[in-house]
Amino acid sequence: MTTNPDASAGNARPFWKEPMVWLVWGLPLASVVAGLWLVVTAVRAGGADPVIDDVQRVSQIQTTDLGPDERAAQRNLSAIVQIRPDHVELTAVTGEFERETSLVLVLTHPTQAAQDLHLPLARTTTGWTAPAEIDTGHDWNVQLRPENRAWRIRGRLQKDTQALRLAPALGGG
């Protein structure tokens with residue numbers, strides 16, 4: 001007479017066919033993989049902060065220097081920017097723009113900082129100009145300032161438009 005080892009050993013299923021194994025190991029593993037995928041996606045996106053001002057972070061409050069906006073409001077500065085196929089034109093509307101001051105037009109892409117443009121403007125008889133081909137297929141945040149950053153005026157170029165008004169961010173200009 002031969003003894004039969006445990007009869008249930010012959011009916012044992014491999015562990016990967018056991019549903020409880022997938023609950024115990026599979027769900028946490030799927031969560032870890034999804035978390036790593038989110039981290040990689042966030043890192044590849046880069047800094048998508050459309051604010052180009054220097055921002056100080058104190059506790060949970062972000063502050064920035066509004067002095068340039070206040071000085072632009074005091075001087076009542078405003079201008080019109082026109083987008084041409086091969087260049088940008090700026091015309092002063094109100095306020096005193098110094099003729100000898102070098103101006104910079106900054107166009108900030110709303111989501112991709114790599115596409116931001118800094119255009120030094122050259123003085124013309126009617127205003128200022130800079131050679132540039134601007135993609136108007138999306139919005140742009142636009143800022144005009146002198147090289148010394150003493151003041152700034154801002155505006156937003158809407159998608160598929162060729163002109164915008166720049167005014168101080170403060171003072172209702």
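## A nonpolar patch on the surface

In this predicted model, five residues form a nonpolar patch on the surface: Met20, Leu23, Val24, Trp25 and Leu27. Together they have about 580 Å² of accessible area.

Take valine 24 as one member of the patch. Valine 24 sits in helix 1, which covers residues 19–45. The cut-off for exposed is over 50%, and buried means under 20%.

## The whole chain

The protein chain has two helices and 10 strands. Along the sequence, the pattern runs α-β-β-α-β-β-β-β-β-β-β-β. Of the 173 residues, 25% count as buried.

The chain exposes about 11900 Å². Carbon and sulfur atoms supply 58% of that area. Now look at contacts between residues at least 6 apart in sequence. Of these, 53% join residues at least 24 apart.

## The largest nonpolar core

In soluble globular proteins, nonpolar side chains tend to be buried together. Here, the largest nonpolar core has 25 residues. Which of them touch the most other members? They are Leu90, Phe97, Leu105, Leu144, Ile153 and Leu166. Several elements give two or more residues to this core: strand 3 (78–83), strand 4 (87–94), strand 5 (103–108), strand 6 (117–123), strand 7 (128–131), strand 8 (140–146), strand 9 (153–157) and strand 10 (163–166).

Set aside residues up to four places away in sequence. Leucine 105 then touches Val81, Val88, Leu117, His118, Leu119, Leu121, Val142, Gln143, Leu144 and Leu166.

## A buried threonine in a loop

Threonine 136 lies in the loop between strand 7 and strand 8. Is threonine 136 buried or exposed? Its relative accessible area is 17%, so threonine 136 is buried.

What does threonine 136 contact, leaving aside neighbours within four places in sequence? The partners are Ile83, Leu157, Lys159, Asp160, Thr161 and Gln162.

## Helix 2 and its buried side

Helix 2 spans residues 67–74. Its buried residues are Gly67, Pro68, Asp69 and Ala72. Strand 9 is included in what covers them. After helix 2 comes asparagine 76, which has a positive phi, near 55°.

## Salt bridges

How many salt bridges are there? The count comes to five. One of them joins arginine 152 to aspartate 69, with the closest N and O atoms 2.8 Å apart. This pair links distant parts of the chain, as the two residues are 83 residues apart. Arginine 152 is in the loop between strand 8 and strand 9, and aspartate 69 is in helix 2. Arginine 152 has a relative accessible area of 9%, so it is buried. Aspartate 69 counts as buried too, at 1% relative accessibility.

Another salt bridge joins glutamate 98 and arginine 75, at 2.7 Å from N to O. The two are 23 residues apart and link distant parts of the chain. Glutamate 98 is in the loop between strand 4 and strand 5. Arginine 75 is in the loop between helix 2 and strand 3. Both ends are partly exposed: glutamate 98 has a relative accessible area of 31%, and arginine 75 has 27%.

## One more pair, and a network

Arginine 84 and glutamate 89 also meet through their side chains in a salt bridge, at 3.4 Å from N to O. Arginine 84 is partly exposed, with a relative accessible area of 34%. Glutamate 89 counts as partly exposed at 27% relative accessibility.

Salt bridges can share partners. Which residues do such bridges join into one network? They are Asp69, Arg152 and Arg154.

## Asparagine 141 in strand 8

Asparagine 141 lies in strand 8. Its relative accessible area is 21%, so asparagine 141 is partly exposed. The cut-off for buried is under 20%.

Asparagine 141 and leucine 107 are 34 residues apart in sequence. In space, their C-alpha atoms are 5.7 Å apart. The side chain of asparagine 141 also makes a polar contact with the side chain of arginine 156, at 2.3 Å.

Notes:
Residues are numbered from 1 along each chain as its sequence is written. This is a predicted model: local features need pLDDT of at least 70, side-chain atom pairs count only at pLDDT 80 or more; totals for chains, interfaces and linings use all residues. Side-chain values use heavy atoms; hydrogens and water are left out. Patches are made of residues with over 30% relative accessible area and no salt bridge: like charges are joined within 9 Å, nonpolar side chains (Val, Leu, Ile, Met, Phe, Trp, Tyr) within 5 Å. Accessible areas come from the Shrake-Rupley method with a 1.4 Å probe; for residues, only the protein chains shown count as cover. A salt bridge is a side-chain nitrogen of Lys or Arg within 4 Å of a carboxyl oxygen of Asp or Glu. Helices (H or I, at least four residues) and strands (E, at least two) are DSSP runs, numbered from the N terminus. A nonpolar core is a set of buried Ala, Val, Leu, Ile, Met, Phe, Trp, Tyr and Cys residues joined through side-chain atoms within 4.5 Å. Buried means under 20% relative accessible area, exposed over 50%, partly exposed in between (1.4 Å probe, protein chains only). Contact means heavy atoms within 4.5 Å. A polar contact is a pair of N or O atoms within 3.5 Å; within protein, one must be able to donate a hydrogen and the other to accept it, and residues adjacent in sequence count only if both atoms are side-chain atoms.
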